[in-house]
Amino acid sequence: MVNSRKIEDLHPVVREICRKHIEACRKRGVEIIVTSTLRDSEYQEYLYSQGRSRPGNIVTNMRLIGPHGFGLAYDVVPIVKRKAVWNNDWLWKIIGEEGKKLGLTWGGDWKSIVDKPHFEYTEGLKAADLRAGKRPSWW
Ligand SMILES: [Zn+2]
């Protein structure tokens with residue numbers, strides 16, 4: 001299973017945006033760390049099973065690989081006093097705002113399953129497009 005948290009595993013274009021995102025949040029006094037970048041389909045299937053065939057909350061509706069499988073998405077969490085803080089809406093709002101300023105799509109705006117940690121940069125391509133072989137113009 002591949003479940004990387006290395007920024008180096010992102011597509012170079014997304015890697016650069018991710019670094020800018022971290023810096024923009026820092027300037028607003030919010031420290032974030034990257035918790036997930038590149039995944040393979042096996043790991044996506046494992047995530048999908050959470051809250052379904054194994055314990056936990058449902059965290060994704062996506063069973064097949066999406067932007068994470070192509071290095072076009074990453075997940076973050078804010079850190080306060082060296083601890084990950086998952087439930088502070090004020091912090092998420094800043095992180096989401098700064099990500100969107102950089103052109104990222106934010107999972108916090110999604111309706112079906114709100115995914116605040118998630119940011120992707122796909123030029124509007126959906127998971128199915130990516131699986132079908134379509135790529136952003138800068139790929
Ligand atoms: Zn994600």
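User: Are Asp75 and His118 buried or exposed?
Analyst: In this predicted model, Asp75 is buried, and His118 is buried as well.

User: And what coordinates the zinc ion?
Analyst: The zinc ion is coordinated by NE2 of His68, OD of Asp75 and ND1 of His118, at 2.0 to 2.1 Å. Along the chain, these donors follow the spacing H-x6-D-x42-H. Asp75 belongs to strand β2 (residues 73-80) and His118 to strand β5 (residues 118-120), so this pair ties together parts that are 43 residues apart in sequence.

User: Switching to aromatics, how many pairs are there?
Analyst: The count comes to four aromatic pairs. In one of them, Tyr43 and Tyr46 have ring centres 5.9 Å apart and planes at 40°, so the pair is tilted. Tyr43 and Tyr46 are three residues apart in helix α2 (residues 41-49), a separation of about one helical turn. Tyr43 is buried, with a relative accessible area of 14%, whereas Tyr46 counts as partly exposed at 38%.

User: What about Tyr121 and Trp138?
Analyst: Their ring centres are 5.4 Å apart with the planes at 25°, so Tyr121 and Trp138 are stacked. Tyr121 lies in the loop between β5 and α4 (127-131) and Trp138 in the segment after α4, so the pair ties together parts that are 17 residues apart in sequence.

User: Which rings form a cluster?
Analyst: Tyr74, Trp106 and Phe119 are linked into a cluster by ring pairs.

User: Last one: which residue lies over the face of Tyr46?
Analyst: That is Arg54, at 3.6 Å from the ring centre of Tyr46. Elsewhere, the charged end of Arg135 sits over the ring of Trp139, 5.2 Å from its centre.

Terms used:
Residues are numbered from 1 along each chain as its sequence is written. This is a predicted model: local features need pLDDT of at least 70, side-chain atom pairs count only at pLDDT 80 or more; totals for chains, interfaces and linings use all residues. Side-chain values use heavy atoms; hydrogens and water are left out. Donors are N, O and S atoms within 2.8 Å of the metal (3.2 Å for Na, K and Ca); water is not among the atoms, so sites may look incomplete. Helices (H or I, at least four residues) and strands (E, at least two) are DSSP runs, numbered from the N terminus. Buried means under 20% relative accessible area, exposed over 50%, partly exposed in between (1.4 Å probe, protein chains only). Rings of Phe, Tyr and Trp (its six-membered ring) pair if their centres lie within 6.5 Å; planes under 30 degrees apart count as stacked, over 60 as edge-to-face and the rest as tilted. A charge sits over a ring if NZ of Lys or CZ of Arg is within 6 Å of the ring centre and within 35 degrees of the ring normal.
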